[in-house]
Each structure stands twice: as C-alpha cells, then as structure tokens.
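Let's take a friendly walk through the charged contacts and a stretch of surface in this protein. Please keep the sequence and the 3D view at hand as you read.

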Amino acid sequence: EYETQTAFWNQRYDNYKYSMLFKIRSGRGSGLKKYYAGWSTILKMANGNIRYVLEMVYHSYVKHLSSDLGFETPVPPRLQTEAAYDVGGIMLQDLEQEAKNGYKLSKLVINIGSFFNQLATDSDNTAPEITEFYIEEEITPEVDEYLKSGVMHMAFIRMPNTKTSGIGATKDFLYSLHPAFAARFVYSFRRKRKIVITNNDFMSLTVSHKQLTERVLSRKPKKRVEFLKSALQLTFLDNVEDD
C-alpha cells in the first residue's frame with residue numbers, strides 16, 4: 001500500500017508520528033509513558049514564563065544530584081521528565097491555594113488534562129494532538145467565570161481564534177491548559193488541533209472527564225492509523241532476539 005500511495009502515507013506519517021509516541025506505551029502500568037526532556041522542550045512547556053523554566057531546571061538538578069550524579073554529566077531524560085511532572089503538581093497546588101475558587105478550578109484542570117490524555121493515548125478515531133478547545137456557542141456566565149479565573153491564574157492559555165469550523169463558529173478565543181501541565185497528564189505540549197465543545201461539555205468537566213471522553217470518541221469512524229501501528233510493532237519485533 002505504501003508503494004502505491006507513497007505521498008499519502010508520507011503525509012500521514014508526518015501528521016501522526018509525534019502522536020504515535022503516546023500510543024506505543026499506553027495503559028495503566030507503572031513507568032514513564034513519554035519523555036519530556038531537552039532545553040527546547042522546557043522552553044515550549046514554560047510558554048514564555050521564566051518561573052516555570054527555572055522550576056523545571058531546578059527540580060531536574062535536585063533529582064540529578066540526589067541520584068549521586070555530578071554537574072559534569074548531563075541530566076538524564078528520565079529525571080527531566082520526572083521534574084516536569086513534579087512542576088505540574090506544584091502548579092496544581094498553587095492554583096488550589098491562590099485562586100478564589102481554587103479547589104473547583106484545580107479539579108477542572110485535572111479533568112481537562114485527563115480528557116486530553118485519553119484522546120492522546122486511547123483513541124484512534126480523533127485527529128492527532130488535540131490540545132486546544134473552544135466553546136461553539138455564546139459562553140454562559142458560569143463558564144466565563146471559570147475561563148477568566150483560569151487565565152488569570154495561568155491554568156489556561158487564551159489565544160485568538162483565527163479559524164472557524166462551520167456555520168455559527170464565531171467565537172474569538174481558543175483555550176488550552178498551560179503547556180507546563182502536559183507532562184503531568186501525558187499529552188502533547190504542542191499547539192496543534194482544537195476540539196469544539198459546548199457550555200454543557202465544559203461544565204461536565206468540572207465533575208468528570210469520562211462522559212465527554214466517551215462522547216467524543218464515538219463521534220467519528222476510526223482513522224487509518226492501524227497501518228502505522230502494525231509497522232511499528234513489526235519493526236520492534238524484528239529487532240528482538242530470540243532467547
């Protein structure tokens with residue numbers, strides 16, 4: 001199939017190769033599912049906030065030195081990833097303590113992060129790297145209060161919505177969790193694709209992510225990513241020596 005549709009599969013691989021990293025090792029088992037390491041990754045996750053850059057670097061070196069490793073050796077990717085995970089936890093604690101509605105807002109962040117994680121790891125029937133959302137209808141006062149509070153306390157990033165998605169999609173802003181949460185919930189920190197939700201969808205995330213996740217995953221037929229999965233699995237199996 002690749003030989004007869006080379007351009008199609010090259011484009012498909014380019015679109016899915018990063019998102020496949022979240023599917024190769026998914027599930028509830030222990031251990032890291034995805035590394036978040038390197039200077040460029042730290043900068044992108046910090047999203048221009050020097051505090052988060054320093055937090056990630058500081059916690060990386062604390063873990064590095066606590067592992068009896070010296071400054072003359074690079075910080076291993078695993079420790080950088082663990083540090084990024086910890087920084088996400090610190091952000092949640094700060095949010096709960098500093099925001100007026102901190103407990104509810106931190107619970108909302110956890111559910112949105114879990115929602116993005118499910119889309120990244122468990123779904124083959126959605127577009128890859130969904131990390132943004134916008135409300136397709138007039139935003140209610142209750143939703144607006146959550147969004148404004150989240151932006152004020154850097155739980156959310158608000159961006160101009162330069163594209164529309166059909167009739168009635170006239171909202172001005174896109175929203176995402178701050179990318180520094182990505183390592184905490186294991187999904188892409190990159191700005192890629194958005195999902196359209198309603199006010200009711202958003203408010204359901206203040207309670208749980210499961211209802212919205214199930215609804216989103218049942219909307220579209222599966223995309224053709226099984227070919228890539230099979231190719232990756234065969235490659236790995238071919239490189240495993242028999243006992």
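## Ground rules

A salt bridge here is a side-chain nitrogen of Lys or Arg within 4 Å of a carboxyl oxygen of Asp or Glu. Please note that this is a predicted model, in which local features need pLDDT of at least 70 and side-chain atom pairs count only at pLDDT 80 or more, while totals for chains, interfaces and linings use all residues. Residues are numbered from 1 along each chain as its sequence is written, and side-chain values use heavy atoms, with hydrogens and water left out.

The structure holds 8 salt bridges. One of them joins R51 to D94, with 2.6 Å between the closest N and O atoms. R51 lies in helix α4 (residues 50–66) and D94 in helix α5 (residues 77–98), so this pair ties together parts that are 43 residues apart in sequence. Helices (H or I, at least four residues) and strands (E, at least two) are DSSP runs, numbered from the N terminus.

How accessible are the two partners? D94 counts as buried, at 18% relative accessibility, and R51 counts as partly exposed, at 37%. Buried means under 20% relative accessible area, exposed over 50%, and partly exposed in between (1.4 Å probe, protein chains only). The pair also belongs to a network of salt bridges that links R51, E55 and D94.

## A bridge between loops

E129 and R190 form another salt bridge, at 2.7 Å from N to O. E129 sits in the loop between α6 (102–121) and β1 (130–135), and R190 in the loop between α8 (182–185) and β4 (193–197), so the contact ties together parts that are 61 residues apart in sequence. E129 is buried, with a relative accessible area of 8%, whereas R190 is partly exposed at 29%.

## A bridge within one helix

In the salt bridge of D144 with K148, the closest N and O atoms are 3.1 Å apart. These residues are 4 apart in helix α7 (residues 141–152), a separation of about one helical turn. D144 is partly exposed at 26% relative accessibility, and K148 is exposed, with a relative accessible area of 51%.

## A nonpolar patch

Which residues make the nonpolar surface patch of about 310 Å²? They are Y61, L65 and F71. Patches are made of residues with over 30% relative accessible area and no salt bridge; like charges are joined within 9 Å, and nonpolar side chains (Val, Leu, Ile, Met, Phe, Trp, Tyr) within 5 Å. Accessible areas come from the Shrake-Rupley method with a 1.4 Å probe, and for residues only the protein chains shown count as cover. F71 lies in the loop between α4 and α5 and is exposed, with a relative accessible area of 59%.
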